[in-house]
Amino acid sequence: MPDESLRNLARLAGLLVNWTDADGRTQEVSHDTLSEVLLALGAPCNSSAQIAESQSELRRQTEIIPKLLTACPGGTTVIGHAKRAQMRAKGGQWQDLELLPASTGRVKFRAPIEIGYYETEVDGSAHTLAVAPSRCFAICDLVPGRKLAGLTLQLYALRGGHSEGCGDFAALREFALRASDHGIDAITISPTHAGFAAEPSRFTPYAPSSRFFLDPLYADAALISSETGKSSGTSNSDDESLLV
């Protein structure tokens with residue numbers, strides 16, 4: 001089986017067949033690695049016949065217009081060899097889109113300027129066009145021309161607060177106030193989602209039992225007692241000060 005036909009199949013599947021290493025030298029992905037990745041992607045490549053069949057299937061798939069189309073504001077979106085396309089405007093009316101010539105006989109249309117999702121029909125098939133910004137919101141958009149400082153910490157490593165043995169949200173509040181006095185603008189912490197109380201060995205915050213709830217180990221118990229005292233009609237000045 002010629003290596004070049006395998007590399008061509010890999011390129012058609014969207015794989016890089018070579019790269020430049022840290023020393024500036026061009027390296028090539030091995031035959032075995034390309035074969036394993038292609039097989040995992042559902043593209044058989046153990047023979048010349050399989051490679052030809054996989055190439056044909058991948059080319060067929062590239063002609064299928066995905067249900068979700070994307071574009072930058074005012075940018076263009078290629079939609080294959082379509083003959084007609086419509087889009088529902090913000091006012092609810094369907095409008096015909098002007099199809100412009102693209103490469104290899106395909107056509108494209110220009111997306112709206114306004115960011116959002118648009119119902120689109122291409123040759124009678126329903127699609128959604130997502131018009132998204134060309135980049136994500138950045139800190140420089142929040143405070144133009146100003147440099148900010150931030151710290152990263154593990155919440156459980158803090159001292160203080162009202163728990164014993166690990167940091168809690170009370171300790172985080174104390175730390176944030178002190179950091180602010182020294183010109184720190186932001187603090188990032190590790191995830192605090194609920195863990196596995198019955199399986200203490202599964203302690204990683206990056207694989208929680210739920211992302212809807214927080215780990216009660218980090219709770220400020222003083223706030224709970226304060227809320228309990230208020231509901232029972234009692235008052236504790238020390239507890240109330242913690243709510244400020």
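Trainee: Which helix does His 31 lie in?
Mentor: His 31 lies in helix H2, residues 31-40. Helices here are DSSP runs of H or I with at least four residues, strands are runs of E with at least two, and both are numbered from the N terminus. Note that this is a predicted model, where local features need pLDDT of at least 70, side-chain atom pairs count only at pLDDT 80 or more, and totals for chains, interfaces and linings use all residues. Residues are numbered from 1 along each chain as its sequence is written, and side-chain values use heavy atoms, with hydrogens and water left out.

Trainee: How exposed is His 31?
Mentor: His 31 is partly exposed, at 26% relative accessible area. Buried means under 20%, exposed over 50% and partly exposed in between, using a 1.4 Å probe and protein chains only.

Trainee: And what separates the C-alpha atoms of His 31 and Asp 3?
Mentor: A distance of 6.9 Å, although the two residues are 28 residues apart along the chain.

Trainee: Switching to strands. How does S3 run relative to S10, parallel or antiparallel?
Mentor: Parallel: four bridges join S3 (residues 68-71) to S10 (residues 125-131). Two strands pair if DSSP finds at least two bridges between them. Leu 68 stands opposite Thr 128 in S10.

Trainee: What about S9 and S10?
Mentor: S9 (residues 116-122) is antiparallel to S10, with seven bridges. Thr 120 stands opposite His 127 in S10. The hairpin has two residues between the strands, and Asp 123 takes a positive phi near 50°.

Trainee: Is Gln 86 buried or exposed?
Mentor: Buried, with a relative accessible area of 17%. Gln 86 lies in strand S5, residues 85-88.

Trainee: Which residues is Gln 86 in contact with?
Mentor: Leaving aside neighbours within four places in sequence, Gln 86 is in contact (heavy atoms within 4.5 Å) with residues including Trp 94, Asp 96 and Thr 120.

Trainee: Last topic, the largest pocket. What is its volume?
Mentor: About 450 Å³. A pocket is an open set of points on a 1 Å grid over the protein atoms alone, with protein on both sides within 12 Å along at least five of seven lines; lining residues have an atom within 4 Å of a point. The volume is the space filled by probe spheres set on the points.

Trainee: Which residues lie nearest the centre of the largest pocket?
Mentor: Gly 195, Phe 203, Asp 215, Leu 217 and Tyr 218, out of 19 lining residues.

Key
1 Å grid on protein atoms, 1.4 Å probe; cavity = no way out; pocket = protein on both sides within 12 Å on 5 of 7 lines; lining within 4 Å.
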